[in-house]
Structures are given as C-alpha cells and as structure tokens.
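Here is a friendly walk through a protein model, from its overall build down to a few single residues. Keep the picture in view as you read.

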Amino acid sequence: MNFGQLVIGPPGSGKTTYCHAMQQMLEANGRRVCVVNLDPANDALPYRATIDVSDLITMEEVMDAMQLGPNGGLLYCVDYLEKNLAWLKKRIKEQPADSYFLFDLPGQVELYTHHASMKKIVTKLTQAWRMKLTCVHLVDSHHCSDSSKFLSVVLLSLCSMTQFELPHVNLLSKLDLMEQYGELEFGMDFYTDVMDLSYLLPRLNRQQGGVSASHPLSQKFHKLNAAIAELIESYNLVSFLPLDVRNREMMAAALQVIDKANGCIYVTNPNGSSSSSGSSGSSSNGTGASQSNAQDSWQQRLLNMVHKTQQDEMPIMDIQEKYIPRTTKDT
Ligand SMILES: Nc1nc2c(ncn2[C@@H]2O[C@H](COP(=O)(O)OP(=O)(O)OP(=O)(O)O)[C@@H](O)[C@H]2O)c(=O)[nH]1
Ligand SMILES: [Mg+2]
C-alpha cells in the first residue's frame, strides 16, 4: 500500500515549491519519496521528478500540433494522460513498495472543481491502484487580505473537497509574505478556522465593483454573497493550516495532519514494519526493541519536530539541513 499527497491549488500558490520542500523534509526523516510531476507546463523543476508527465506529453507539442492556447493545451494534456493511464501505472508500479508519493498538479482550478479527466485519474490512483492519498490544497495567504478573494478561495476549497472526495488538508501558503499585505481585518484564527462568514458580508457589500447601493444589481450581489457564505457554512468542512515552506515547525505540523488524514501515521514506517503512533511523544507499551524502533521511527521524529521549542533558532546551512530534527542530529 502506498501513501502520499495530491498537491493541488490555484496558479502560483506554491505547489511545486511545496513538493520540493516536502520531498526534502521526508527524505531527511527517512522516508523513500517519489515525486510525480503531473504538470506538463512545469519546465524548470526544482526537485528530482521520479515520474514526469513531460515524458508522455508536453504543452509545447500540444499547442503546436493542436493550435491550442495554454489553457486548452493543458486540458488536452490532462485528457491525454487520462486516456494513457497505463503509462502512469507502469511507472508507479516500478517504484519500491514502500515509496511515498508526492503528486505535483497543474494550477488550473477547473481541474479540481469539475473537470472529468482529473477526477477519473484521481479515482484510478485511489481506488483501482489503492493509493492512500491526502489531497493537499494550497491557497496563497494573500487572499486573506481581501474579503471577496477569501470567500472565493474558501468556496474553491469546498468545491475541490467535494469533487475529489479524498482526505483533504487546506494550507494557506506563503505566510512569510503576509506582513506585506498590511493589517488583516480579522485575527488569523478567523481565516484559518473559517469562522462566521457573515462578518465578511458588510465588507463584501461595500466592494460592489462600482455599482451604486441603490442599483438593482447591488441587492442581487448582497444576496449572492449571503447565499455563498451560507452554503459554505452549511457544509462546515473548510479550514486552513498556515504554511511557510521555509519553517520547519509549520511543515512538520502540516505533515502530521496530512499523515493522520490518509492513515499513514498509524500503520507504517519506512522500513515497512507496522507501528502505531498516538499523540504522546514516548513509547509506553513495548519491549526495549520496539521502544527503540519507536524512537527511531519517522513518526517519533515528526512528533519531536512538532514539539520543538520556539527558542530553537535554526542556523540554516542548506534547505535539507533545516528539516533534520535537532534531536536526530545531536544523537
Ligand atoms: N515567500 C514565499 N514564496 C513562495 C513560497 N512558496 C512558493 N513561493 C514562490 O511562489 C512562486 C510560485 O511558486 P510555485 O511553487 O511555482 O507555484 P505553483 O503553485 O507550483 O505554480 P503553478 O505550477 O504555475 O501553478 C515562486 O516564485 C516560489 O518561489 C513561500 O512559502 N514563501
Ligand atoms: Mg507548479
């Protein structure tokens, strides 16, 4: 059984950067990682892609041959991949049995809201090939700086959750850039917990695109905003974790939630032996050998990373170095 992450999100939200950082963090902690680039428009990959859709089809070829623009070209490529899933299956099956998969997807949001081919690809991965994937949805935290953008990304998150029907974790990416966008209208908890969206409505209603308050469209606009907010709240599914890829604690906290979501944290370790990791940092019920296994396990390292103290400044030598837990380096 293979575990992994399906990394989705709007253009430029940080998917490829996240895959690179997550690959390095997982490898530094002893997991065997296979990164699968499923974005045919990804021409300069920062990570080592074990499987690359560009070996099957490229955007350039499609745009030239089919006389399509970038959006049409990308949809064509995804449809083509769906018709040639044997290609992907062969490459996935070639990987070592304990591989952990990171799928880097394109940034075209219709792929995650209503596109049939992407849904079929994901269904194949999770049902026919029995991969245990968490869908990791990255959204640029810039959207918190504007009520209408925030409402739209919450709606987008909800759409992808219902479209893929996978364990799902939403991340507010690029948190380090938040300061640049000025003071937020609400505290960060409001955005991460997606609290009462009705607070956004007066702000949304003020931003009515130049339409005067007496205009008939204005009332429709208010009703639409209220209906969207009510719809989102009626599902009560969306929340976010904050993320700055350069911050080890945030990455570790996100990974812990992702691992819990797909079950990875409960059943496996990189050596293939099973163990269960609860919420405590110490092993309490095993023999000396099993205790030492637990100490060495990536679950334990992950917990150590999550529980690290704030004072632990990280002198960063290189990007991989910073993901190695201090407790491991010191022993
Ligand atoms: N400051 C900061 N920049 C980031 C972070 N994550 C990504 N970036 C930058 O955001 C830009 C876009 O990142 P990508 O990883 O290419 O985003 P993407 O979602 O893969 O983009 P597409 O594949 O085009 O949809 C790059 O310049 C990254 O360096 C982050 O956590 N902090
Ligand atoms: Mg990308």
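This is a predicted model: local features need pLDDT of at least 70, side-chain atom pairs count only at pLDDT 80 or more; totals for chains, interfaces and linings use all residues.

Residues are numbered from 1 along each chain as its sequence is written, while chains are lettered from A and ligands numbered from 1 in the order in which they are written.

**The whole chain**

- The chain has 15 helices and 7 strands; helices (H or I, at least four residues) and strands (E, at least two) are DSSP runs, numbered from the N terminus.
- Of its 331 residues, 38% count as buried. A residue is buried if 20 or more other C-beta atoms lie within 10 Å of its own, exposed if 12 or fewer, and partly exposed in between, with C-beta atoms placed from the backbone.
- Among contacts with a separation of 6 or more, 74% are between residues 24 or more positions apart. Two residues are in contact if their C-beta atoms, placed from the backbone, lie within 7 Å.

**The sheet**

- The 7 strands of an open sheet follow the order β3-β2-β4-β1-β5-β6-β7, with parallel pairing. Two strands pair if DSSP finds at least two bridges between them.
- At the edges are β3 (51-52) and β7, each pairing on one side only.
- Strand β1 pairs with β5 in the parallel sense over 6 bridges, and Phe3 stands opposite Lys132 in β5.
- On β5 (residues 132-140), 8 of the 9 residues are buried, so this strand is largely enclosed by the rest of the structure.
- Strands β5 and β6 are parallel and joined by 6 bridges, with His137 having Asn170 of β6 as its bridge partner.
- Strand β6 also pairs with β7 (residues 240-242), in the parallel sense over 3 bridges. Here Asn170 is the bridge partner of Phe240, and Leu172 that of Pro242.

**A closer look at β6**

- How many residues of strand β6 (residues 168-173) are buried? The count is 6 of 6, so to speak a mostly covered strand.
- His168, Asn170 and Leu172 point one way from β6, Val169, Leu171 and Ser173 point the other way, and all are buried.

**Helices across the sheet**

- β5, α7 and β6 form a right-handed β-α-β unit. A crossover is right-handed if, with the strands pointing away from the viewer, the path from the first strand over the helix to the second runs clockwise.
- Helix α7 lies across β1 (3-8), β5 and β6, and runs at about 165° to β5. Axes are lines fitted to C-alpha atoms, for helices over the stretch in contact, and angles run from 0 to 180 degrees between N-to-C directions.
- Helix α11 (residues 248-262) lies across β1, β5, β6 and β7, at about 140° to β5.

**The nonpolar core**

- In soluble globular proteins, nonpolar side chains tend to be buried together.
- The largest nonpolar core holds 75 residues, of which Leu6, Val7 and Leu102 touch the most other members. Such a core is a set of buried Ala, Val, Leu, Ile, Met, Phe, Trp, Tyr and Cys residues joined through C-beta atoms within 7 Å.
- Helix α7 (residues 147-164) gives the largest share of this core, 8 residues.
- At least three core residues come from each of domain 1 (1-194 + 238-331) and domain 2 (197-236); domain bounds come from an automatic or database domain assignment.
- Beyond its neighbours within four places in sequence, Leu102 is in contact with residues including Gly4, Val7, Cys19 and Val36.

**Two loop residues**

- Arg130 sits in the loop between α6 (116-128) and β5. Its phi is near 55°, a positive value in a residue other than glycine, and Arg130 is exposed, with 9 other C-beta atoms within 10 Å.
- Asn236 sits in the loop between α10 (216-235) and β7. Asn236 is not a glycine, yet has a positive phi of about 50°, and this residue is exposed, with 9 other C-beta atoms within 10 Å.
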